[in-house]
Amino acid sequence: MEIVFIRHLPTPGNEKRQYIGRTDEELSVRAEEEFRMRIEKRGTSMYPSVQYLIVSPMRRCIRTAELIYPGQEIVEEPLLRECDFGEFEKKTYEELKDRPEYIRWLESGGIEAFPGGEDQMAFRSRCVDGVKKWIGRLLDKGAESAAFIAHGGTIMAALSELSEECCGFYHWQVENGCGYTAEITDREWKKGKKILRAIKRI
């Protein structure tokens, strides 16, 4: 089965380089316009066709799914939500760089929990659980392809845990609207070897 991971298109907060987690932003007007222009120029989609769409319930992800895969059924999965950045939410690096708690977070390699927000390891674990849950269901359906449309952190969490390549969390960072394709072997996954193979950037 082919799996596609796509990070949502930019929001106003993304364009300002803010930390956007629990904030349920729409896509920016510019992002939607640029997406339509890119598709018109190419004459075709840059994204692989898929049978199933599993999407974070945040509006930015749902709208991205509607634009990339118009008319296809969307299944929302709450476990794929972005991390709650707590006191860092909607702040930029420039606004945070001198705060001791932010410096501690950076020095921890991004592992320390966000003040007033979500524990980083708990966040990564729930994202992996959401992806594994749906891969199992899709395999049971006999699916040949599916896309997860979610957040940068969600994708990094899933690939750092499930990739056959031993790469860290931040290795899998992608820009808005970008992502990866991966392959799953049905028999291998069902026997408990839950691995994403042949991962490539879109």
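User: What span should helix H6 have, and how far apart are its end C-alpha atoms?

Analyst: This is a predicted model, and in it helix H6 runs over residues 120-141, so that its 22 residues, at 1.5 Å a residue, should span 32 Å. The end C-alpha atoms of H6 are 32 Å apart, which agrees with that expectation.

User: Which residues of H6 are buried?

Analyst: The buried residues of H6 include Phe-123, Cys-127, Val-131, Trp-134, Ile-135 and Leu-138, and Gln-120, Arg-124 and Arg-126 are also among them. As for spacing, residues three or four places apart in an α-helix point the same way, because there are 3.6 residues a turn.

User: And what covers them?

Analyst: The cover over the buried residues of H6 includes strands E1 (2-7), E2 (52-55), E3 (75-76) and E4 (145-150), together with helices H7 (152-162) and H8 (186-190).

User: What caps the N-terminal end of H6?

Analyst: Asp-119 does, with a side-chain oxygen that lies 3.1 Å from the backbone nitrogen of Met-121. Just after H6, Gly-142 adopts a positive phi of about 80°.

User: Switching to cysteines, how many disulfides does the structure hold?

Analyst: It holds zero disulfides. For Cys-61, the nearest cysteine sulfur is that of Cys-127, 11 Å away, while for Cys-166 the nearest is that of Cys-167, at 7.3 Å.

User: Is Cys-61 buried or exposed, and what about Cys-166?

Analyst: Cys-61 counts as buried because its relative accessibility is 0%, whereas Cys-166 counts as exposed because its relative accessibility is 86%.

Definitions and conventions
Residues are numbered from 1 along each chain as its sequence is written. This is a predicted model: local features need pLDDT of at least 70, side-chain atom pairs count only at pLDDT 80 or more; totals for chains, interfaces and linings use all residues. Side-chain values use heavy atoms; hydrogens and water are left out. Helices (H or I, at least four residues) and strands (E, at least two) are DSSP runs, numbered from the N terminus. The expected span of a helix is 1.5 Å times one less than its number of residues. Buried means under 20% relative accessible area, exposed over 50%, partly exposed in between (1.4 Å probe, protein chains only). Contact means heavy atoms within 4.5 Å. A polar contact is a pair of N or O atoms within 3.5 Å; within protein, one must be able to donate a hydrogen and the other to accept it, and residues adjacent in sequence count only if both atoms are side-chain atoms. A disulfide is a pair of cysteine sulfur atoms within 2.5 Å.
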